Amino acid sequence: MSVKIMIADDHVLIREGIRQLLEFDGDIEIVAEANDGLECLALLNHILPDVLLLDINMPKANGIEVLKTIKEKNISVKVLILTVHNEVDYLIRAVDIGVDGYILKNSGSAELKKAIMSIINGESYIQPDLIPALNSRLVSRNDCMGKIELLTRRELEVLIFVATGMFNKEIAEKMSISERTVKNHISSIFKKIDVADRTQAAVFAIKNNIVDI
């Protein structure tokens, strides 16, 4: 019995190339193709492949948004992201949402098939040369989480305001406290999260999803 695959990629040549590579041996069948994220989600309403090969850069809804929707709606399909993006930020977001596999478009057909069969068998598959960067980021994030846990509820509130660009006077008015109290909170925040200024504090907050950009 062949493995049923759906390809979501906005480049026709990429889809055609993947189809030829995967269908060559006869044990994989391409059952659907989508040109953008919304079309992909629409197709999944009436076509349920075993594996969805999902690009990240797509119009109307990108791959990360599609993956998030799939998980929120509990659509029963394995998702393998196939992308040009080797930046760890994309990988960590996909892993956090619950992607089954993640490989780059510079992979060979053997690795693509290996990834597909791995996730079909209930395993996760991350392209091996991406794993060191992923592990490094996870260790760093765990360290950051420890710092965040040191912050009081009020300090976390102040940090959010700082990260969104508010000045001390504005924060004081917003929280109905004095500017001196705001300054004290900010000084404590800087020490706890180990930053030197407001810009570094804002970057820390954004990287750790305390605020959205």
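Colleague: Take strand β5, residues 101-104. Which residues are on one side and which on the other?
Modeller: This is a predicted model, to begin with. In β5, Gly101 and Ile103 are on one side, and Tyr102 and Leu104 are on the other. All four are buried, and both faces of the strand are covered.
Colleague: How many bridges join β4 to β5?
Modeller: Four, and the two strands run parallel. Strand β4 covers residues 78-83. Leu80 stands opposite Gly101 of β5.
Colleague: And what pairs with β5 over two bridges?
Modeller: Strand β6, residues 125-126, also in the parallel sense. Here Gly101 stands opposite Tyr125 in β6.
Colleague: What about the helices in those β-α-β units: which unit is right-handed and which is left-handed?
Modeller: The right-handed unit is made by β4, helix α4 (residues 88-97) and β5. The left-handed unit is made by β5, helix α5 (residues 109-120) and β6.
Colleague: What is Thr83 in contact with, leaving aside its neighbours within four places in sequence?
Modeller: Asp55, Ile56, Tyr102, Ile103, Leu104 and Lys105. Among them, Tyr102, Ile103 and Leu104 are residues of β5 that are buried.
Colleague: Changing topic. Which residues of helix α7 are buried?
Modeller: Helix α7 is residues 153-163, and its buried residues are Glu155, Val158, Leu159, Phe161, Val162 and Ala163. They pack against α6 (131-150), α8, α9 and α10 (198-207).
Colleague: You mentioned α8 and α9. At what angle do they pack?
Modeller: Two packed helices are described by the angle between their axes and the distance between the axes. For α8 (residues 168-175) and α9 (residues 179-193), the angle is about 105° and the axes are 8 Å apart. The two helices are therefore roughly perpendicular to each other, as angles of 65 to 115 degrees count that way.
Colleague: Which residues meet there?
Modeller: From α8, Asn168, Lys169, Ile171 and Ala172; from α9, Glu179, Val182, Lys183 and Ile186. By class, this contact has four nonpolar, one polar and three charged residues.

Terms used:
Residues numbered from 1 in each chain as written. Predicted model: local features only at pLDDT ≥ 70, side-chain atom pairs only at ≥ 80, totals over all residues. Heavy atoms only, no water. Axes fitted to C-alpha atoms, helices over the stretch in contact; angles between N-to-C directions. Parallel < 35°, antiparallel > 145°, perpendicular 65-115°, else oblique. Contact = heavy atoms within 4.5 Å. Nonpolar A, V, L, I, M, F, W, Y, C, P; charged D, E, K, R; others polar. Buried < 20%, exposed > 50% of the residue type's maximum accessible area, 1.4 Å probe, protein only. Pairing = 2+ DSSP bridges. Right-handed = clockwise from strand over helix to strand, strands pointing away.
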